[in-house]
Amino acid sequence: MSKVTVMDHPLIQHKIGIIRRKEVGSKDFRQMISEIAMLMCYEATRDLKLVDVDIETPICPMTAKELQGKKLAVVPILRAGLGMVDGMLAMIPAAKVGHIGLYRDPETLEPVEYYSKLPADSWDREVFVVDPMLATGGSSSAAINLLKEKGVKNIRFMCIIAAPEGVKRMQTEHPDVDIYIGALDERLNDHGYIVPGLGDAGDRIFGTK
């Protein structure tokens, strides 16, 4: 079963409390989403492996640490996931960025892929799939299926707010993918929105309605 980590860092909780407020405008919302992603990235990369390397400081030779082998990639689910990319890259600037675009079919309510562009060596990278909201889990599960079909084996999923229903679906369909959550909310409402949530993350990031 995948590991689920709900962040308890005070700065993350404080900033999530701010973006939940309906009066917060797009500019501040965008900025805060980026900051939360940066803080969550710090926590979600805690177990990356290190190796010893010999270096020289201006004073003397020494053995330092650097990340072992595995390269990183950030793959936002369009469009709301874009809001988390800059924050992630602030922490891991050498990471490559892919994009997966999905929309929900109005008849079946299932996610349909409309765009996919990934780094050529994604199969050799530790891939962080990012989306601010994990609601039903349909889009995130479909995005991860797409990555697996392309040979990606090391996948982590990161979201700012999650509903229990989405977490359960992800754990059932992708027990090999660890999940990092900023806040775990109560439930989904009849329209598939997270309660208490923060509304539509994409609309609030980009100022659309």
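Hi everyone. A quick definition before we start: a helix here is a DSSP run, H or I, of at least four residues, and helices are numbered from the N terminus. Please also keep in mind that this is a predicted model.

With that in hand, let's go to helix H3, residues 85–91, where we find Met91.

Who does Met91 touch? If we skip the neighbours within four places in sequence, Met91 is in contact with Met38, Cys41 and Tyr42. Ala80 is 11 residues away from Met91 along the chain, and 19 Å separates their C-alpha atoms.

Now over to strand E8, which covers residues 125–130. How many of its six residues are buried? The count is six of six, so the strand is mostly covered. Look at how the side chains are arranged: Arg125, Val127 and Val129 point one way, while Glu126, Phe128 and Val130 point the other way. Both sets are buried.

And which strands does E8 pair with? One of them is E4, residues 71–78, which pairs with E8 in the parallel sense over six bridges. Another is E10, residues 154–162, which runs parallel to E8 and is joined to it by five bridges. There, Val127 has Ile155 as its bridge partner in E10.

Methods. Residues are numbered from 1 along each chain as its sequence is written. This is a predicted model: local features need pLDDT of at least 70, side-chain atom pairs count only at pLDDT 80 or more; totals for chains, interfaces and linings use all residues. Side-chain values use heavy atoms; hydrogens and water are left out. Buried means under 20% relative accessible area, exposed over 50%, partly exposed in between (1.4 Å probe, protein chains only). Helices (H or I, at least four residues) and strands (E, at least two) are DSSP runs, numbered from the N terminus. Two strands pair if DSSP finds at least two bridges between them. Contact means heavy atoms within 4.5 Å.
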